Amino acid sequence: MSGEDGGNKQANNRWRVLAGASVVSTSIGLYLRFHHLLSIASLRRNHDSIVEMVDQHPVLAPLCYIGVLVAVIGITCPGATMLSFLGGVLFKQPYASMYAYIGYIVGATISYFVTTFVLGDYMRKRLAANSQLYQKFEANVRRNAFAYLVAARYTMVFPFFFVNGAAAL
């Protein structure tokens with residue numbers, strides 16, 4: 001029975017490594033391919049044509065914006081801050097805030113589950129075995145999880161991907 005469990009564990013670890021490599025390579029590839037579009041200069045150059053497309057497609061444009069935001073945040077690719085800014089420029093309030101909020105919530109949820117699947121057990125075991133400080137920190141976070149998450153997220157000291165990744169571990 002333990003031989004079968006060992007084989008399942010190895011297969012599971014292979015899937016985790018493959019999933020992690022896929023997410024990292026996708027994130028790097030998307031960033032390298034499209035980072036030049038996430039700049040103020042690019043927004044200035046393309047503002048009129050982007051606004052025209054948004055006006056011509058009042059349903060599709062917000063869905064595309066939310067989808068891109070979900071993808072960028074979900075695979076922790078840099079650029080979410082600029083995308084939030086872009087949403088504020090392209091869409092009227094309160095819609096811009098609502099679209100960004102939906103994108104952030106869904107993207108952060110995906111990022112949380114991907115991080116938990118890929119790194120959760122490994123990092124938890126490694127940190128717990130080597131650090132009493134981590135064990136104390138984990139116990140405190142379990143008791144006050146919501147307060148820790150709110151404090152870390154809204155103090156703007158830590159980047160979004162770090163807070164989300166740390167919460168997943």
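Predicted model: local features only at pLDDT ≥ 70, side-chain atom pairs only at ≥ 80, totals over all residues.

Visitor: Which residues do ring pairs link into a cluster here?

Guide: The cluster is made of Tyr65, Phe91, Tyr95 and Tyr99, joined by ring pairs. The structure holds four aromatic pairs.

Visitor: How is a pair of aromatic rings described?

Guide: By two values, the distance of the centres and the angle of the planes. Take phenylalanine 91 and tyrosine 99: their ring centres are 5.1 Å apart and their planes stand at 85°, so this pair is edge-to-face. The cut-off behind that label is an angle over 60 degrees.

Visitor: Is phenylalanine 91 buried or exposed?

Guide: Phenylalanine 91 is buried, and tyrosine 99 is buried too. Across the chain, 25% of the 169 residues count as buried.

Visitor: And what about glycine 29, how does its accessibility count?

Guide: Glycine 29 counts as partly exposed because its relative accessibility is 36%, and that class lies between 20% and 50%. You will find glycine 29 in helix H1, which covers residues 2-34. Cysteine 77 is 48 residues from glycine 29 in sequence, yet their C-alpha atoms are 9.4 Å apart in space.

Visitor: How many helices and strands does the chain have?

Guide: Eight helices and zero strands, which gives the pattern α-α-α-α-α-α-α-α along the sequence. As for contacts between residues at least 6 apart in sequence, 70% join residues at least 24 apart.

Conventions. Residues numbered from 1 in each chain as written. Heavy atoms only, no water. Phe/Tyr/Trp six-rings, centres within 6.5 Å; stacked < 30°, edge-to-face > 60°. Buried < 20%, exposed > 50% of the residue type's maximum accessible area, 1.4 Å probe, protein only. Helix = DSSP H or I, 4+ residues; strand = E, 2+ residues; numbered from the N terminus. Contact = heavy atoms within 4.5 Å.
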